[in-house]
Amino acid sequence: MVAPREPQRDALETIFSFFLGLMVLAFTGVGVNTALPSARFDGSTISIALVASATLSMAVSLIRSHQLRIVSNGLLLGGVFTMLYGTGWSIFGENDWTRFLVIAFALVVTIALGYAKFARSREATASGPAPATSGPTHDETALGSLAARVARLEALTSAAAAGFAGENPSREGR
């Protein structure tokens, strides 16, 4: 049985994911400006580096996303924010074709990684459980064991109750 979600915990997870996204954006922006100081006034070079970094962040967010949901969401948000920042820088580029290609690449990456993150996981969930095998599964074995243990406990409880009442349960055919 799945434990109910706590609204306060959900809110804190959302805030943390959003904050992690902003930190990824800040780290990437400062990192690109530090690594490419001569390109500060060349919007096309900065935008290419930022969009490439955003792509990397968004791709990393897909790794083990079902186990590290909060970190994965933060990295995805950071990639989205960085993608927006990078395409914003492309507007300042002088070459129209470079600007167009940067934005087109950002669009393709966003659609592909968005599909991988959201649509693929929804399809896996909608497909349902795996088909049953011919032998008993772990759950069926556990249920059989549980039923035997419950029957044994019932017999012991009956014997104890009969003992307290002064009866002999072995004479009753048990």
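Helices are runs assigned by DSSP (H or I, at least four residues) and numbered from the N terminus. Their axes are lines fitted to C-alpha atoms over the stretch in contact, and angles run from 0 to 180 degrees between N-to-C directions. The structure is a predicted model, in which local features need pLDDT of at least 70 and side-chain atom pairs count only at pLDDT 80 or more, while totals for chains, interfaces and linings use all residues. Residues are numbered from 1 along each chain as its sequence is written, and side-chain values use heavy atoms, with hydrogens and water left out.

| Pair | Angle | Axes apart |
|---|---|---|
| Helix 2 and helix 3 | about 165 degrees | 8 Å |

A crossing is left-handed if the near helix is turned anticlockwise from the far one by less than a right angle, and right-handed if clockwise. Helix 1 crosses helix 2 in a right-handed manner. Contact means heavy atoms within 4.5 Å. On the side of helix 1, Val 24, Thr 28, Gly 29, Val 32 and Asn 33 take part, and they meet Ile 46, Ala 49, Leu 50, Ser 53 and Ser 57 in helix 2. This contact has five nonpolar, five polar and no charged residues; here Ala, Val, Leu, Ile, Met, Phe, Trp, Tyr, Cys and Pro count as nonpolar, Asp, Glu, Lys and Arg as charged, and the others, Gly among them, as polar.

The crossing of helix 1 and helix 3 is also right-handed. Among the residues in contact are Glu 13, Phe 16 and Leu 20 of helix 1 and Arg 69, Ile 70 and Tyr 85 of helix 3. The contact divides into twelve nonpolar, ten polar and two charged residues.

Helix 2 and helix 3 form a left-handed crossing. Their contact includes Gly 43, Ile 46 and Met 58 of helix 2, together with Leu 75, Gly 79 and Trp 89 of helix 3. It comprises twelve nonpolar, ten polar and no charged residues.

A pocket is an open set of points on a 1 Å grid over the protein atoms alone, where a 1.4 Å probe fits, with protein on both sides within 12 Å along at least five of seven lines; lining residues have an atom within 4 Å of a point. The largest pocket has a volume of about 170 Å³, the volume being the space filled by probe spheres set on the points. Its lining includes Val 24, Phe 27, Ser 53, Leu 56 and Leu 75. Helix 1 supplies the largest share of this lining, five residues. By class, the lining residues are six nonpolar, four polar and no charged.

Notes. Helix = DSSP H or I, 4+ residues; strand = E, 2+ residues; numbered from the N terminus.
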